[in-house]
Amino acid sequence: FFFLRIRRPPRSTLDRSSAASDVYKRQYQRRVHGIQLIMKALILVGGFGTRLRPLTFSKPKPLVEFANKPILWHQVNALVEVGVKEVILAINYQPDCMFEYMKELESEFHIKITASIESEPLGTAGPIKLAKDLLLKDAAEENFFVFNSDIICEFPLKKLLDFHISKKAEGTIMVTQVQDPSRYGVILYQEDGLIKDFIEKPSTPISNKINAGLYILNRAIIDRIPDKPTSIEREIFPKIAVDKKLYAMTLEGIWMDIGQPADYIKAGELYLEYLSKQKSPMLAKGDNIVGTALIDPTAKISPSCKIGPNVIIGKNCVIGEGVKLKNVCLMANTTIGSSSFLANALIGWKCKIGSWCRIEGMCVFGEDVIIKDELHLNGAIICPHKGIGDHVRTPGTILLQQLPYTLFTHNI
């Protein structure tokens with residue numbers, strides 16, 4: 001007869017008096033039964049991206065490129081670096097586009113990407129409840145990450161995980177400091193991170209720390225969420241805070257909510273500054289580069305151009321002679337004719353801008369916009385597949401295709 005002895009952790013590990021003892025017991029039982037355990041994350045990608053229109057008419061916001069990679073790519077990359085092996089996407093808008101990109105992510109990162117489909121918008125907590133079975137199946141830990149889909153930062157996820165575990169928290173919110181907290185809800189917390197209260201968009205600032213849209217949560221939170229559309233910020237987090245199980249950890253470095261064009265351009269500036277401080281080889285160099293610029297290797301740029309500061313140029317773009325760009329993001333396959341000037345502009349995919357044009361004042365172009373030669377556009381918002389043959393000098397003008405060859409404008 002042969003006897004197999006299973007090595008048992010010390011009794012102090014299995015029999016802890018804290019609530020965490022059940023966690024250690026379940027993990028021990030799974031290890032000795034040979035179940036492969038994986039760490040998971042949920043990304044909330046179900047929104048319609050209305051603030052980033054007209055770009056999101058063509059593709060979901062998580063697939064819009066930031067620094068020449070889809071926003072979702074940056075988040076998945078950060079999760080993989082901290083050891084996450086399965087990412088669940090809470091999808092509602094344009095699911096077919098998301099499915100196609102999921103396959104690309106799986107192939108690139110060698111992880112599992114799973115979809116949780118919402119038949120209706122479920123808010124920021126409802127998708128967690130909907131994905132319950134996916135989150136709990138073969139999960140390595142009692143904890144999982146949750147991201148909003150329009151957040152760009154340095155993603156210090158290992159520090160967030162360690163902090164969360166050290167506090168034995170049910171939830172930990174990463175918080176960031178902003179200059180104008182009146183746009184957001186602020187968070188009040190103690191020196192040790194224990195959250196005391198939430199104040200929604202205060203008229204008189206009492207704190208400048210806001211929710212950064214990155215969380216690590218214990219599975220216990222799932223039982224708090226009802227089977228209906230629910231806000232995690234307004235309905236779930238305050239209840240956990242009352243029970244003194246919710247903590248905040250301050251995010252250092254860059255952070256931006258890039259859900260609207262002006263913030264998107266600002267985030268690009270901050271990201272390029274970050275790459276500069278890191279002495280990243282990704283930044284463009286040359287006599288025609290002024291300040292920081294990120295240029296895809298496939299782009300074709302005349303040596304007589306002036307590029308920068310704060311310029312991002314996507315795949316297969318063509319920039320003609322004498323063009324000047326600053327505070328500009330060009331999506332893939334865009335062409336700019338000679339001697340044009342662009343400042344503070346977000347230009348979508350496959351656009352064609354003529355020669356001697358002046359584009360400024362936070363213009364936003366959707367996909368496949370054509371601008372004729374020698375036009376001045378100031379603060380124009382142009383929907384996809386639109387040809388422009390006249391000046392647009394009133395900031396905030398939205399241009400739509402109402403009838404063939406007919407221009408419809410609406411000032412906001």
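This is a predicted model: local features need pLDDT of at least 70, side-chain atom pairs count only at pLDDT 80 or more; totals for chains, interfaces and linings use all residues.
Ala, Val, Leu, Ile, Met, Phe, Trp, Tyr, Cys and Pro count as nonpolar, Asp, Glu, Lys and Arg as charged, and the others, Gly among them, as polar.

Select N68, K69, P70, W73 and Y101, which lie nearest the centre of the second largest pocket, out of 39 lining residues. The space inside amounts to about 1000 Å³. By class, the lining comprises 23 nonpolar, five polar and 11 charged residues. Several elements each supply at least two residues of this lining, among them helix 3 (71–81), helix 4 (95–109) and helix 9.

Keep K69 and W73 selected. The charged end of K69 sits over the ring of W73, 4.9 Å from the ring centre.

**Aromatic rings**

Next, display helix 9 (residues 261–277), where Y271 and Y274 are three residues apart and hence separated by about one helical turn. Together with F66 and Y264, Y271 and Y274 form one aromatic cluster.

The structure holds eight aromatic pairs. In one of them, the rings of Y271 and Y274 have centres 6.4 Å apart and planes at 35 degrees, so the pair is tilted. Are these two residues buried or exposed, or in between? Y271 has 14% relative accessibility and therefore counts as buried, whereas Y274, with a relative accessible area of 26%, is partly exposed.

Now select F145 and F147. Their aromatic pair is edge-to-face, with 6.5 Å from centre to centre and 70 degrees between the planes. Both F145 and F147 are buried.

**The largest pocket**

Move on to T124, N148, E233, R234 and D257, the residues closest to the centre of the largest pocket, which 41 residues line. About 1200 Å³ of space lies in this pocket. Which strand gives the most to its lining? Strand 11 does, with five residues; this strand spans residues 209–218. Helix 8 (232–242) and strand 13 (255–257) are among the other elements that each supply at least two lining residues. The lining has 16 nonpolar, 14 polar and 11 charged residues.

Finally, select the six strands that form an open sheet with parallel pairing, in the order 15-18-20-22-25-28. Strand 15 (300–301) and strand 28 (387–388) stand at the edges with a single partner strand each, so one side of each has no neighbour in the sheet. Within the sheet, strand 18 (residues 318–319) and strand 20 (residues 335–336) pair in the parallel sense over two bridges. To inspect this pairing, select V318, which stands opposite T335 in strand 20.

Terms used: Residues are numbered from 1 along each chain as its sequence is written. Side-chain values use heavy atoms; hydrogens and water are left out. Rings of Phe, Tyr and Trp (its six-membered ring) pair if their centres lie within 6.5 Å; planes under 30 degrees apart count as stacked, over 60 as edge-to-face and the rest as tilted. Buried means under 20% relative accessible area, exposed over 50%, partly exposed in between (1.4 Å probe, protein chains only). Helices (H or I, at least four residues) and strands (E, at least two) are DSSP runs, numbered from the N terminus. A charge sits over a ring if NZ of Lys or CZ of Arg is within 6 Å of the ring centre and within 35 degrees of the ring normal. Two strands pair if DSSP finds at least two bridges between them. On a 1 Å grid over the protein atoms alone, a cavity is a set of points where a 1.4 Å probe fits but cannot get out, and a pocket is an open set with protein on both sides within 12 Å along at least five of seven lines; lining residues have an atom within 4 Å of a point. Grid points are joined across faces, edges and corners, and a volume is the space filled by probe spheres set on the points.
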